[in-house]
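Please consult the sequence and the structure alongside the text.

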Amino acid sequence: MTHLSLREAVALYLCRGIGVSTILALKQKAELSELFTFSKPALCQLGLGDHIAQQLVTIDWPKVDSILAQCLSSKIQIIHYFDTHYPESLKQICSPPWLLFCRGNNELLHQPQIAIVGSRSASRLGMDNAYDFAKQLGDANFVITSGMARGIDGAAHRGALQSMRGTIAVLGTGADVIYPKRHDELYWRIVEQGLIVSEFLPGTKPHGTNFPRRNRIISGLSLGVLLVEAEIKSGSLVTARYAIEQNKEVFAIPGSIRHSLSEGCHFLIKQGAKLTENVSDIIEEVSFLPENSLYIIESEKKQEACLVLQNLGYEVTDVDTLAQRTQWPVEQVLARLLDLELEDKVERVLNGYIKLARG
């Protein structure tokens, strides 16, 4: 059992460069709650880099207390990695979030979930499919997880709210920030009947880089991901890719070969996703899995990550150069760089990426 106060957990969150992997390593060497009493040299002796050690000895405790007060007033619960409420499924993914900011019924985190994702510019048919699949899966005792974006996400949440199970919205903003604004009513319905989840501090505004990050949480919480409609370069395919890497089931609804919104689904089906025509196609696949069954292909991920890192130095390197060095498609290089960025192993800078020194 790790004895860590919420105040200390938030303080660790505020230290740039400290993720779950670093915290787990530190936990083997010292009580986490004692880190804040150590001198900078003592922290460096634990293996921390100078920059991280400096942050730990200069924690902005008034800011920590302000965050706690803000969460309390907004009825946002903070769940850290060692909290008993933290979902076991997320502990198995690459770069799990250290903190979850939750608004609503956090018991849903531990219920079997199916993620439904798709295009923000969905067709009427796509919206209807998302709504119907979500309601029927909810009636079959699955919680529906999505990202509360326009289009497919919103329709899936609404369908789930008409079922008996509820829904989880994983946001790319703070848990108290409603985005898009048109989902104001939907947001409050989810707070009342479901759960809002974010790894970002309350008040965090929309930012393009945050939405791909949250996709690993959507797939990580779920037994499988259903793609309803998506263009070939849709962000929803990022969620599907995370699901594949996490060895989760991937489902895709086919559509017209003349419609661009079918391209993403057809691409996934060619890659081995299950062609999905009705809810039973999903239920029969996940019913053979233990609840929240977890599998990871960590050795493959590490091998791939090393290949990118081997070709990235401390000087700025652009993506095209990395693609040439690794002989990988640009899309695959970008996907791996996102994972490495989440692991605090690389940093995106002007004109490319650099490797971060490991202290």
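In this predicted model, Arg241 lies over the face of Tyr242, 4.6 Å from the ring centre.

Contacts between aromatic rings come next. A pair of aromatic rings is described by the distance of the centres and the angle of the planes. The count of aromatic pairs comes to seven. One of them joins Phe36 and Trp61 edge-to-face, with 5.4 Å from centre to centre and 70 degrees between the planes. This pair links distant parts of the chain, 25 residues apart: Phe36 belongs to the loop between helices H2 and H3, whereas Trp61 belongs to helix H5. Phe36 has a relative accessible area of 17% and is therefore buried, the cut-off being under 20%; Trp61, at 24%, counts as partly exposed. The rings of Tyr81 and Tyr86 form a tilted pair, because their planes stand at 55 degrees, with the centres 5.3 Å apart.

Strand E3, residues 113-117, is largely enclosed by the rest of the structure, because five of its five residues are buried. In a regular strand, side chains alternate between the two faces of the sheet. Here, Gln113, Ala115 and Val117 are buried on one side of E3, and Ile114 and Ile116 on the other. E3 pairs in the parallel sense with strand E4 over three bridges, and Gln113 stands opposite Val143 in E4. The chain passes from E3 through helix H7 to E4 in a right-handed β-α-β crossover. Strand E7 also runs parallel to E3, joined by four bridges, with Ala115 opposite Val225.

How values were computed:
Residues are numbered from 1 along each chain as its sequence is written. This is a predicted model: local features need pLDDT of at least 70, side-chain atom pairs count only at pLDDT 80 or more; totals for chains, interfaces and linings use all residues. Side-chain values use heavy atoms; hydrogens and water are left out. Buried means under 20% relative accessible area, exposed over 50%, partly exposed in between (1.4 Å probe, protein chains only). Helices (H or I, at least four residues) and strands (E, at least two) are DSSP runs, numbered from the N terminus. Two strands pair if DSSP finds at least two bridges between them. A crossover is right-handed if, with the strands pointing away from the viewer, the path from the first strand over the helix to the second runs clockwise. Rings of Phe, Tyr and Trp (its six-membered ring) pair if their centres lie within 6.5 Å; planes under 30 degrees apart count as stacked, over 60 as edge-to-face and the rest as tilted. A charge sits over a ring if NZ of Lys or CZ of Arg is within 6 Å of the ring centre and within 35 degrees of the ring normal.
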